[in-house]
Amino acid sequence: MSKKIFRSVMAVTMIVFLAVFFTASGFLYNYFVKLQVSRLKDELSIVTASVNDEGVKYFEKFNSSVFRLTMISPDGEVLYDTQADAENMENHLNRDEVSEALKYGRGSSDRYSSTLTERTFYEAVKLDNGDILRISVSQASVGGLLLGMLPAIIAIFIIAVIIALILSHRMAKNIVKPLNSINLDNPEENDTYEELTPILEKLSKQHKQITWQVHELKRRSDEFKQITDSMNEGLVILDKNGIVLSINGAAKNLFETDDSVIGRDFLVVNRSPEMNEAVKKALNGGKHSEFRKEAGGKEYQFMVNRTESEGETIGVVILCFDITEMVFAERNRKEFTANVSHELKTPLQSIIGSAELLENDLVKPEDTKKFIGNIKKEASRLVSLINDIIRLSQLDENNEVPKEPVDVYGVANEVVEILSQAAEKKNVDISLRGEHCIINGVRRYIYEIIYNLCDNAIRYNKDGGSVIIDVKSDNDDAILSVSDTGIGIPIEHQGRIFERFYRADKSHSKETGGTGLGLSIVKHATAYHDGSIKLESKSGEGTTVTIKLQKD
């Protein structure tokens with residue numbers, strides 16, 4: 001702005017300078033012309049009086065380097081000239097001043113030289129004898145004067161330009177200084193030109209409005225960020241060119257990226273063909289795309305939707321749902337249904353078969369007791385299975401059960417007493433060590449945890465093996481561990497051993513018995529107490545399961 005002001009002031013200064021210079025030159029020149037003509041007339045009056053008295057003799061004593069006198073006869077012949085030979089001069093009858101003098105007694109005129117650098121003024125008067133006396137004087141024209149004064153004019157112009165430069169620079173600086181010092185954050189508090197007051201008042205209103213809008217936008221942006229970051233679902237927003245505008249925490253974790261991806265192409269984040277095809281479809285007018293894909297050991301469902309404004313596509317929204325638990329639950333439901341059907345069907349078929357044989361008298365009297373024992377055994381197995389399913393369903397429902405102080409060591413001792421007979425039959429030694437440890441929990445669930453761990457340790461132990469239960473306190477936790485010297489669990493099965501009906505060694509399931517729900521009950525009962533499970537096992541070397549339970 002200061003440069004524009006500087007150039008404008010310089011231009012105006014130069015125009016004014018030139019206008020004043022030429023106007024003043026014109027006025028001064030005209031003034032001096034009038035003086036010259038007046039002087040010429042006065043001189044002519046003096047000379048006329050002298051010539052009327054003395055005649056041609058007057059010219060002999062006339063000596064002037066300024067004025068030129070010429071005597072002309074009525075027919076235009078030059079009789080005498082003070083600066084030229086009269087005989088060689090042409091007839092002057094057609095000269096304006098001569099014609100006027102012959103006609104009116106006095107005449108005037110002026111003429112420029114062929115180069116226009118000189119101007120001659122003529123005054124003529126008719127003498128008493130009828131001859132014409134003409135006096136003339138020459139002076140430089142305006143162009144001639146300017147040409148003669150050219151060095152001085154250039155010098156004056158240069159000085160004027162320098163002065164104009166200095167003054168223009170200072171003037172521009174002084175004009176712009178108040179503008180540069182305007183406080184736009186508080187436009188009403190400025191002390192500057194009165195002409196700017198309406199603009200500053202308008203700026204103040206706009207500033208307040210913009211400040212409020214920025215604050216509101218920031219508040220909404222923060223709200224949007226907090227909401228999206230708290231979402232369990234991944235959210236990615238793209239513009240119409242596929243550039244990432246926003247990405248929440250869940251999506252960052254899923255795509256293993258950070259905020260640096262904002263402003264970059266989404267291809268940098270994910271290059272999967274399914275995702276690229278879905279994004280392209282959305283940007284090209286497709287309304288909705290949905291697909292499932294495994295990522296990081298989890299199952300995700302991706303929903304890609306087009307966003308539009310006034311019928312035009314303005315971007316894409318990608319939602320990512322973790323459906324691992326849903327898929328897992330669906331798989332477990334199917335497996336549970338199949339397993340329950342199988343587990344119920346096997347003993348029922350055995351019971352029905354034995355009952356039919358007895359009913360049809362196809363059993364020898366001495367074998368009747370054996371078949372009745374088989375029916376009782378399978379019925380007991382059914383009861384155990386149904387009881388386990390009921391307990392597991394109760395744990396699944398996560399109903400609040402009243403808690404009470406429970407001595408983990410005391411419950412473990414009770415389990416040892418109950419299972420000692422079963423251990424003895426399997427030739428397995430079961431022992432308890434440690435210390436009394438009181439927690440706030442559900443006694444029935446703690447009993448289920450210890451009983452099922454010990455029952456499995458006995459069932460899958462080796463002949464002459466051992467089961468050791470250890471209870472100890474660790475600050476705010478109770479640590480329960482059950483170790484056995486049994487067949488162990490292969491590493492490939494350890495991740496699923498706590499699933500319902502899952503058996504690492506299905507070939508031994510019939511001979512070991514059990515419902516296949518014991519460890520699943522342990523898992524759910526531990527989770528109910530906000531506890532954790534740690535499994536350590538090697539095939540053929542035994543297993544140790546450690547449960548950590550909070551005391552409070």
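Q: Why is glutamate 97 counted as buried?
A: In this predicted model, glutamate 97 has a relative accessibility of 0%; buried means a value under 20%, and glutamate 97 therefore counts as buried.

Q: What makes the contact between arginine 134 and glutamate 97 a salt bridge?
A: The closest N and O atoms of the two residues are 2.9 Å apart, and a salt bridge asks for a side-chain nitrogen of Lys or Arg within 4 Å of a carboxyl oxygen of Asp or Glu, so the pair of arginine 134 and glutamate 97 qualifies as a salt bridge. Arginine 134 belongs to strand 5 (residues 132-140) and glutamate 97 to helix 3 (residues 96-104), so the pair ties together parts that lie 37 residues apart in sequence.

Q: How many salt bridges does the structure hold?
A: There are 14 salt bridges in the structure.

Q: How do you know that lysine 298 and aspartate 322 meet in a salt bridge?
A: Their side chains are 3.8 Å apart, taken from N to O, and the cut-off is within 4 Å, so the pair of lysine 298 and aspartate 322 counts as a salt bridge. The pair links distant parts of the chain, since lysine 298 lies in strand 9 (residues 298-309) and aspartate 322 in strand 10 (residues 312-322), 24 residues apart.

Q: Why are lysine 298 and aspartate 322 called partly exposed?
A: Partly exposed residues fall between buried, under 20%, and exposed, over 50%. Lysine 298 has a relative accessible area of 39% and is therefore partly exposed, and aspartate 322, at 40% relative accessibility, counts as partly exposed too.

Q: Which helices each supply at least two residues of the nonpolar patch?
A: They are helix 1 (2-54) and helix 5 (150-180), and helix 5 gives the most, with seven residues.

Q: Which residues touch the most other members of the largest nonpolar core?
A: Ile450 and Ile469 do so, in a core of 41 residues. Among the elements that give two or more residues to this core are helix 11 (408-425), helix 12 (443-459), strand 14 (466-474) and helix 14 (518-528), and the largest share, nine residues, comes from helix 12. Leaving aside neighbours within four places in sequence, isoleucine 450 is in contact with Val408, Val411, Ala412, Val415 and Leu480. A second, separate core of 21 residues includes Val244, Val304, Val316 and Ile318.

Q: Why is helix 14 described as largely enclosed by the rest of the structure?
A: Eight of the 11 residues of helix 14 are buried, so the helix is largely enclosed by the rest of the structure; including Leu519, Ile521, Val522 and Tyr528, these buried residues also count Gly518, Ser520, Ala525 and Thr526.

Q: How many disulfides does a search of the whole structure find?
A: The search finds zero disulfides. Cysteine 320, at 2% relative accessibility, counts as buried, and cysteine 454, at 0%, counts as buried as well.

How values were computed:
Residues are numbered from 1 along each chain as its sequence is written. This is a predicted model: local features need pLDDT of at least 70, side-chain atom pairs count only at pLDDT 80 or more; totals for chains, interfaces and linings use all residues. Side-chain values use heavy atoms; hydrogens and water are left out. Helices (H or I, at least four residues) and strands (E, at least two) are DSSP runs, numbered from the N terminus. Buried means under 20% relative accessible area, exposed over 50%, partly exposed in between (1.4 Å probe, protein chains only). A nonpolar core is a set of buried Ala, Val, Leu, Ile, Met, Phe, Trp, Tyr and Cys residues joined through side-chain atoms within 4.5 Å. Contact means heavy atoms within 4.5 Å. A disulfide is a pair of cysteine sulfur atoms within 2.5 Å.
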